[in-house]
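This report describes a strand and a pocket of the structure shown below.

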Amino acid sequence: MAATKSPARGGGKTSRPAARTIDDLLSDFGTTMPRKAAPVEEPPAEKLFPGSVKPNGVRRMGHGWAATMPPLAGYQMTSEETPVLWPLISGDGLPPWGAEMGYDVLSGGKFYCDPMGWVLDDSIPVTNPNIFIFGKPGRGKSATVKAFMLRMIRYGYRSLVLGDVKDEYEDLARFLGVEPFRIGPGLAGRINPLDLGPLGVDWEKQTREEQHRRANVIFNRWLFLIRGLIGSQGVTFTPTEERVINKVLRHMTGWSVGASRLTPVTIPQVWAALDTPSDDLVSDCRYSSRQDFFDGTRPLRDALGALCEGSLQGMFDTESTFHPDWRAPIQTLSLRSLHETGNKVAVGIALMCLNSWGQGMRETASAGDRRIVLRDEAWLQTRLSLDAVMALDANLRLSRTEGDIQLVTYHKPSDPLSAGDQGSQAAQIAKDLLNLSDVRILMGQDESVADELGRLMGLSEMQQSVITNWAMQEKGRALWMVGDQRYKVQTLLTPLEKRLTYTNDAIDPAR
């Protein structure tokens, strides 16, 4: 029997069985497993940078190739130290509530204005809601004010324009369904700056203590006004004049005799009472005789007479014919007819009378009655006298207590300083007015005002350049100073707002 030869070691390859899959194994048992369909491949997305360069660069002369990557240094610092190394990175803006005014140029985000909200937010360095706005004519000052008034309506604010010198707010009032009230030479409108106001309503129903409180508020307001009016005529208002006026007012209203209801008083009636004093008035003012009274009060009587018989005759000499609807979105009092006479002193006196009247109308405002009180062209009032400056100063100091946003407009930061001679008390108080506003809007100014901006507002050269260069290139641009924070803002207007804020009708033939 022939022996079988076994394959030599290292001989030919033996075939291995083919690999079996799960499907083959399952088919042996007569079953299959469901399979998930393969996903359809999507075409590759387009590359934003198809010619991207590797970190080492392109290995070609002049193409920035590097054999090794440079080492990256790591630093550790606090959030206070970071702005020192990256000073040009804009920080967080103001909270997104209030009137949307435009956008912050540095951050690109929206810019909102809500002075009362800023006061209530401890993280924002604002302690009072007053706003001072400065700007060269034609830079969009009134447009910014009107846009702010319109956009704050949705937050429950109403506006009171105490003296629209150029009728710039007339179209806005009519758009909101309110007819402006006009006063001026030859017009029928009258305003009594010595109006009792809301404090005189239901007088007889008040307790004696409440009557005393209200009487003190009314008489102090009247005394402050008359002091300013007398001072505007160049007459010194000493404690003697103050005592005389106090006695006259208390006699005429019936307060000194305990009347159950106060009698309304006007400035001509005060003047007449001084010209024909009663024996009780002479004795109460501690004059020995009527002639002594006449000699002692001659400057006072002449100053009041000038107000009653001069350019203001027929404007503030009788009972008020204007009874505002405080529920309306805006109330405006026009002084254009008086302004067109060119008598700036008369306009300043009229503004002071309107401010006193407006303060009286707001003395019993409810907590939810939010108001924007505009004091346009305030420099016309502050130039009158020290007492006129003090009157505006008192109104601004009460804004937080009364819940009103006092909005004051000037042309230049130095305008308040024109209240008196350099170094005088009036000039010093006027300068301090700037400290009564934590919100200042600085619109475009000429290069000649740059030093003034730096001295009065504490602006750096770069910030001065924003106002004298960037803000002069387009209307609505301004540097907003909110406490110690600075914002470079461009105000934006809708087409409707552009029509309502247009103030060049007199010089534009196309209109």
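Buried means under 20% relative accessible area, exposed over 50%, and partly exposed in between, with a 1.4 Å probe and protein chains only. The model is predicted: local features need pLDDT of at least 70, side-chain atom pairs count only at pLDDT 80 or more, and totals for chains, interfaces and linings use all residues. Residues are numbered from 1 along each chain as its sequence is written, and side-chain values use heavy atoms, leaving out hydrogens and water.

Strand β8 (residues 404-410) has seven of its seven residues buried, so the strand is largely enclosed by the rest of the structure. Strands (E, at least two residues) and helices (H or I, at least four) are DSSP runs numbered from the N terminus. On one side of β8, Asp 404, Gln 406, Val 408 and Tyr 410 are buried, and on the other Ile 405, Leu 407 and Thr 409 are buried as well.

Two strands pair if DSSP finds at least two bridges between them.

| Strand paired with β8 | Bridges | Direction |
|---|---|---|
| β3 (residues 131-134) | four | parallel |
| β7 (residues 370-375) | five | parallel |

Within β8, Leu 407 is the bridge partner of Ile 131, and Ile 405 is that of Ile 372.

The lining of the largest pocket comprises 40 residues, with Ser 142, Glu 168, Thr 501, Tyr 502 and Thr 503 nearest its centre. A pocket is an open set of points on a 1 Å grid over the protein atoms alone, where a 1.4 Å probe fits, with protein on both sides within 12 Å along at least five of seven lines; lining residues have an atom within 4 Å of a point. Helix α4 gives the largest share of this lining, five residues.
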